[in-house]
Amino acid sequence: MRDPLPRGGLIRKLWVGEADSYCDHLLRLDADSRRNRFAGAVSDEFVRHFAELSFGIDAVIHGFFVDGTLRGAAELRSIGAPLDRQAEAAFSIEKPWQSHGVGSMLLERTLLAARNRGLEFIHMACLADNERMQQLARKYDAELSFDFSSIVGEVAAPRPTALSLMREILADSHGFATAMLDVQSRLLRPARGADHAASG
Ligand SMILES: CC(C)(COP(=O)(O)OP(=O)(O)OC[C@H]1O[C@@H](n2cnc3c(N)ncnc32)[C@H](O)[C@@H]1OP(=O)(O)O)[C@@H](O)C(=O)NCCC(=O)NCCS
């Protein structure tokens with residue numbers, strides 16, 4: 001059995017004020033991944049504007065961090081009228097971290113967030129040749145029913161329960177605590193130059 005997340009990895013929601021990290025992550029995507037993420041080729045300029053506008057009140061973005069750097073993200077954004085219960089989801093994982101189970105974990109967290117917000121239909125723009133994304137979605141066909149011709153997933157259990165809400169709260173508090181520990185340990189870690197100076 002492989003590790004649930006690659007070594008040093010952490011998944012947590014992005015905070016308001018992390019638009020720059022999100023932008024840097026999206027700009028680091030290789031050409032194919034960028035094309036798949038945005039369902040077509042887009043310029044750096046487009047990506048910068050997109051990241052700036054991403055942190056609206058109707059968006060939940062989960063990030064995958066390795067040693068404090070954002071290496072993957074899953075965006076869930078409600079669309080249409082509130083009663084439509086529709087949302088759009090999109091995933092981006094930098095190439096060295098693809099095919100290590102990160103997308104699966106991000107999709108699980110996104111489905112939990114969708115359920116707790118009463119969202120029933122999740123649209124994903126997925127290019128026809130993006131097999132990995134299609135495989136990923138198929139893995140969750142117990143929770144989602146997908147129609148790949150229009151790429152709409154229907155969440156099987158849209159109603160939030162006390163347990164599903166508790167799972168999200170626990171994941172958030174764990175992500176927050178781990179992020180704080182990560183910041184502290186990086187602040188306490190002596191700089192390389194300081195090491196040499198101390199030993200010299
Ligand atoms: C698509 C994407 C989100 C998938 O995430 P990932 O972390 O690479 O996927 P996972 O490792 O969780 O694998 C999910 C499933 O895809 C399949 N898969 C994994 N690697 C694959 C590969 N190289 N080719 C085909 N299928 C593959 C497997 O069925 C796997 O499940 P399993 O390992 O339990 O059998 C990620 O690769 C990515 O960000 N790609 C670039 C952007 C993109 O395509 N976004 C999607 C459109 S919004």
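A search of the whole structure, which is a predicted model, finds one cavity of 30 Å³ or more, a cavity being a set of points on a 1 Å grid over the protein atoms alone where a 1.4 Å probe fits but cannot get out. The largest cavity has a volume of about 40 Å³, where volume is the space filled by probe spheres set on the points, with grid points joined across faces, edges and corners. His62, Arg109, Leu112, Ala113, Glu168, Ala171 and Asp172 line this cavity, lining residues being those with an atom within 4 Å of a point. Two or more residues of that lining come from each of H4 and helix H6 (162-188), helices being DSSP runs of H or I with at least four residues and strands runs of E with at least two, numbered from the N terminus.

Helix H4 has 15 residues and reaches 21 Å from its first C-alpha to its last, close to the 21 Å expected at 1.5 Å a residue, the expected span being 1.5 Å times one less than the number of residues. Because 12 of its 15 residues are buried, H4 is largely enclosed by the rest of the structure; buried denotes under 20% relative accessible area, with a 1.4 Å probe and protein chains only. Among the buried residues of H4 are Arg109, Leu112 and Ala113, which also line the largest cavity. H4 is followed by Gly118, whose phi is positive, near 70 degrees.

E4, H4 and E5 make a right-handed β-α-β unit, that is, with the strands pointing away from the viewer, the path from the first strand over the helix to the second runs clockwise. Within this unit, E4 and strand E5 (residues 121-123) pair in the parallel sense over three bridges, pairing requiring at least two DSSP bridges between two strands, and Gln86 has Phe121 of E5 as its bridge partner. E4 is also joined to E3 by eight bridges, in the antiparallel sense, and E3 and E4 form a hairpin with six residues between them, in whose turn Gly80 has a positive phi of about 75 degrees.

The largest pocket has a volume of about 940 Å³, a pocket being an open set with protein on both sides within 12 Å along at least five of seven lines. Its lining comprises 42 residues, of which Phe91, Ser92, Asn130, Met133 and Leu136 lie nearest the centre.

Residues are numbered from 1 along each chain as its sequence is written. Local features need pLDDT of at least 70 and side-chain atom pairs count only at pLDDT 80 or more, whereas totals for chains, interfaces and linings use all residues, and side-chain values use heavy atoms, with hydrogens and water left out.

Notes
Buried < 20%, exposed > 50% of the residue type's maximum accessible area, 1.4 Å probe, protein only.
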